[in-house]
Amino acid sequence: MLQIIKTQYQIIVYLMGVIVGKSLNRKDLDEPVQKPYRKLQIDDLPIIDVPETLDYRKLLADYEAQHGRPLRPIQRRAKAKHRVPDSLTCPRCQAPSSYLYANNGGKGQYQCKVCQCRFNHRNRFTKQAVFRCPHCKKTLEKIKERKEYNIYKCKNNACPFYQANLRRMTKKERQQFQQDPQAFKVRYLFREFLFDFLPLASSSLIKPKVDLSRLAASPHVLGLVLTYYVNFGMSSRETAAMKDIHGVSISHQTVLNYANSVALWIKPFVDRFPYELSGSFCGDETYIRVKGRWHYLFFMFDAVKKIVLSYRVSPNRDTLSAIKAIDDVLRKLASLPDDLSFVVDGNPIYLLAQHFFAQHGISFDVRQVIGLTNEDPVSEEFRPLKQIIERFNRTFKGNYRPTHGFGAEEGSVSFVTLFVAYFNFLRPHSALEGRVPVVIPELADLPHMPARWTKLIAMAQAFLQQEAA
């Protein structure tokens, strides 16, 4: 009986394989295929050919001034087989259809009598720019449209870049390339970013509408609230228990209101303070919970001075967030050094951000520390910097964890802003021999932390008033 059951099971497995189209052997079920991702590679910038646009009205005026007579529209034959649509205009000079005629017997090509432009539906003058391969000068072809960028590829088989990559392949790699060409990056690729963001653009300083002088609490109580909520990492409900210690009756919502109000005043002071930076920058992302969903917090950090330079909260772990985080650092530099570099993890968004800044004439290196072990020379050399930003993330998590997430995006940004202000100006650091990263004499002479918070708020208010004047 057991032998019959075993034979029937084999028949069922065979028939299921015939129906499904693949084997259902136990070996196939127990051994999943492990196929590593291909590492992102960024190529050089392309040759950008910006088409020249003309005005047909000016061209007609120039023609009449030169020849002493106007340029006549095209006289159509009554029985012409190939007519030009009345809605068609020249894409180069915008001449109307009366100056256009079919140039190749109705096969889709037209010519403008005013500017002599030949065009069709794929005309290059309909584009803002034409991208050409820097190796073979051929026009790139758009192959994919992503949310943040379009991908262009050079499909010229005689391209030197393509031929050189093929020659570098081993015999085994060539055989694999024939079977799975998508596993190799052999052709030139360019990414055209679609979002509207200008690096190093000056932003206007917005004065908060919150009047801290109208808060019900005294400055000392406000300093106590910030000390418990930010320095000690207590939740808003735990901070509201100050009545048992200081005899101050305050609700947890009032704690959040105070934090949001102070963050609005302190943020411009933190972002525009003239920091003295070392040039050793590292970055990383961590998670925070906002309205029940995970968000990403992008930190950029001066590893030597222990100064937080960027603290972007974003719902997406995307290229634009990485670009904005790097731009925050660049804004704080008096001049861009030639050896500027950022140490980050293996996330490809930082390479794409580097490519974006290169398109705007801003160059820097990206050092990617991959994984937990040093599998390459770059990871071995720059892992200490990466460990510094990881240690900072753990410090932030220690203060953030008691909050159990945030009920609004405003609350998350406010808490992160206050934590960065505390870390940069108020928190002593063991690696700096017990000093704070940014020493301000007016804060160092005060006796306790609530007084320092109050003084920092006053300095932020004075900074805003000075900038607005």
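This is a predicted model: local features need pLDDT of at least 70, side-chain atom pairs count only at pLDDT 80 or more; totals for chains, interfaces and linings use all residues.

Trainee: Okay, strands first: in what order do the three strands of the open sheet come?

Mentor: The order is 2-3-4, and the pairing is antiparallel. The edges are strand 2 (100–102) and strand 4 (118–119), each of which pairs on one side only.

Trainee: How many bridges are there between strand 2 and strand 3?

Mentor: Strand 2 and strand 3, the latter covering residues 110–112, pair over three bridges in the antiparallel sense. If you want a place to look, Leu100 has Cys112 in strand 3 as its bridge partner.

Trainee: And what about strand 10 and strand 11, how do they run?

Mentor: Strand 10 (residues 293–302) and strand 11 run antiparallel and are joined by seven bridges, with Phe298 having Arg312 of strand 11 as its bridge partner. The two strands form a hairpin with four residues between them.

Trainee: Why is strand 11 described as largely enclosed?

Mentor: Strand 11 (residues 307–314) is largely enclosed by the rest of the structure because six of its eight residues are buried.

Trainee: Which residue in the turn of that hairpin has a positive phi?

Mentor: That is Lys306, with a phi of about 60°. Most residues other than glycine have a negative phi, which is a reason to look at such a position. Lys306 counts as buried, at 9% relative accessibility.

Trainee: What is the phi of Gln94, and where does that residue sit?

Mentor: Phi of Gln94 is near 65°, again a positive value in a residue other than glycine. Gln94 is placed in the loop between helix 3 (56–67) and strand 2, and at 46% relative accessibility Gln94 counts as partly exposed.

Trainee: Parallel or antiparallel for strand 12 and strand 13?

Mentor: Parallel: four bridges join strand 12 (residues 341–344) to strand 13, and Phe342 has Val366 as its bridge partner in strand 13.

Trainee: What do the side chains of Arg367 and Asp365 do?

Mentor: They meet in a salt bridge, at 3.4 Å from N to O. Arg367 counts as partly exposed at 29% relative accessibility, and Asp365 also counts as partly exposed, at 35%.

Trainee: How many salt bridges does the count come to?

Mentor: The count comes to 14 salt bridges. One of them joins the side chains of Glu52 and Arg92, at 3.6 Å from N to O. That pair links distant parts of the chain, 40 residues apart, with Glu52 in the loop between strand 1 (47–49) and helix 3, and Arg92 in the loop between helix 3 and strand 2.

Trainee: Buried or exposed, those two?

Mentor: Glu52 counts as partly exposed, at 48% relative accessibility, whereas Arg92 counts as buried, at 19%.

Trainee: Which residue forms a salt bridge with Asp284?

Mentor: Lys386 does, with the closest N and O atoms 3.6 Å apart. Here too the pair links distant parts of the chain, Asp284 in strand 9 (residues 281–290) and Lys386 in helix 12 (residues 377–400), 102 residues apart. Asp284 counts as buried at 5% relative accessibility, and Lys386 is buried with a relative accessible area of 7%. Salt bridges that share partners join Asp284, Lys386 and Glu390 into one network.

Trainee: Switching to rings, how many aromatic pairs does the structure hold?

Mentor: The structure holds 37 aromatic pairs. There is also an aromatic cluster whose members include Tyr229, Phe299, Phe301, Phe392 and Tyr400.

Trainee: Where does Arg187 lie?

Mentor: Arg187 lies over the face of Tyr162, at 3.9 Å from the ring centre. In another such arrangement, the charged end of Arg289 sits over the ring of Trp294, 4.7 Å from its centre.

Trainee: Last one: which residues form the nonpolar patch on the surface?

Mentor: Met1, Leu2 and Ile5 form that patch, with about 400 Å² of accessible area together. Leu2 belongs to helix 1 (residues 2–20) and is exposed, with a relative accessible area of 72%.

Terms used: Residues are numbered from 1 along each chain as its sequence is written. Side-chain values use heavy atoms; hydrogens and water are left out. Two strands pair if DSSP finds at least two bridges between them. Patches are made of residues with over 30% relative accessible area and no salt bridge: like charges are joined within 9 Å, nonpolar side chains (Val, Leu, Ile, Met, Phe, Trp, Tyr) within 5 Å. Accessible areas come from the Shrake-Rupley method with a 1.4 Å probe; for residues, only the protein chains shown count as cover. A salt bridge is a side-chain nitrogen of Lys or Arg within 4 Å of a carboxyl oxygen of Asp or Glu. Buried means under 20% relative accessible area, exposed over 50%, partly exposed in between (1.4 Å probe, protein chains only). Rings of Phe, Tyr and Trp (its six-membered ring) pair if their centres lie within 6.5 Å; planes under 30 degrees apart count as stacked, over 60 as edge-to-face and the rest as tilted. A charge sits over a ring if NZ of Lys or CZ of Arg is within 6 Å of the ring centre and within 35 degrees of the ring normal.
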